[in-house]
Amino acid sequence: MERRPNILLTGTPGVGKTTLGKELAGRTGFTYINVGELAKEGNLYEGYDEEYSCPILDEDRVVDELDDKMSEGGIIVDYHGCDFFPERWFHIVFVLRTDNSILYDRLENRSYSGKKLEDNIQCEIFQTIYEEAMESYQEEIVHQLPSNIPEDLERNLDQIVQWIERWMKDNN
């Protein structure tokens, strides 16, 4: 059985993780897992955040739920946080980045407003997710990708597919 790498797609909400992840899964045959959807399906929550009007993820239960699957390889994980996943899970981490004005419009279109909208824009401005990834994983496996226009999506897909092909050649 050929070994296949696991990939983490992370970044602020609205940067295009889900679009990229689904496209990438389609091109590679890898399994795509959206942690938000997984949590919803399995009710993997530990409460509700009134301030942001959203459930609070039970990170330990998410890790328990995914651990066996991750050991199989060929998994693309999509989530806006990354510091609770075991480091051993991922062979490469891509942090998607979007210009603030574009991100603002995307989040407004998702009906984000007030504090939730402002805090997510601040998160992008201060590179919060990128820094979290750099602290959680070996620096050489963490890469930033621009995600502003459709051409970025195509470029990112091509780049990641090339990386996968190289990884599989080197590790099989």
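A residue is called buried under 20% relative accessible area, exposed over 50%, and partly exposed in between (1.4 Å probe, protein chains only). The model is predicted: local features need pLDDT of at least 70, side-chain atom pairs count only at pLDDT 80 or more, and totals for chains, interfaces and linings use all residues. Residues are numbered from 1 along each chain as its sequence is written, and side-chain values use heavy atoms, with hydrogens and water left out.

An open sheet of five strands is present, with parallel pairing. Its strand order is β2-β5-β1-β6-β7. Helices (H or I, at least four residues) and strands (E, at least two) are DSSP runs, numbered from the N terminus. Two strands pair if DSSP finds at least two bridges between them. β2 (31–34) and β7 (142–146) are the edge strands, and each pairs on one side only. On average, neighbouring strands of this sheet are turned by 20° against each other, direction ignored. Axes are lines fitted to C-alpha atoms, for helices over the stretch in contact, and angles run from 0 to 180 degrees between N-to-C directions.

Strand β1 (residues 7–10) runs parallel to β6, and four bridges join the two. T10 stands opposite V95 in β6. Helix α1 (residues 17–28) lies across β1, β2, β5 and β6. This helix runs at about 170° to β5. Contact here means heavy atoms within 4.5 Å.

Eight salt bridges occur in the structure. A salt bridge is a side-chain nitrogen of Lys or Arg within 4 Å of a carboxyl oxygen of Asp or Glu. In one of them, K40 is paired with E37, and the closest N and O atoms are 3.8 Å apart. Both residues lie in helix α2 (residues 35–42), three residues apart, about one turn of the helix. K40 counts as exposed because its relative accessibility is 55%. E37, at 39%, counts as partly exposed.

R155 and D152 form another salt bridge, with the closest N and O atoms 2.6 Å apart. Both lie in helix α7 (residues 150–171), three residues apart, again about one turn. D152 has 5% relative accessibility and so counts as buried. R155 is partly exposed at 49%.

D67 forms a salt bridge with R88, the closest N and O atoms being 3.1 Å apart. This pair links distant parts of the chain, 21 residues apart. D67 lies in helix α3 (residues 59–72), and R88 in the loop between β5 (75–78) and β6 (92–97). R88 is exposed at 61% relative accessibility, whereas D67 is partly exposed at 26%. Finally, a network of salt bridges links R27, E154 and D158.
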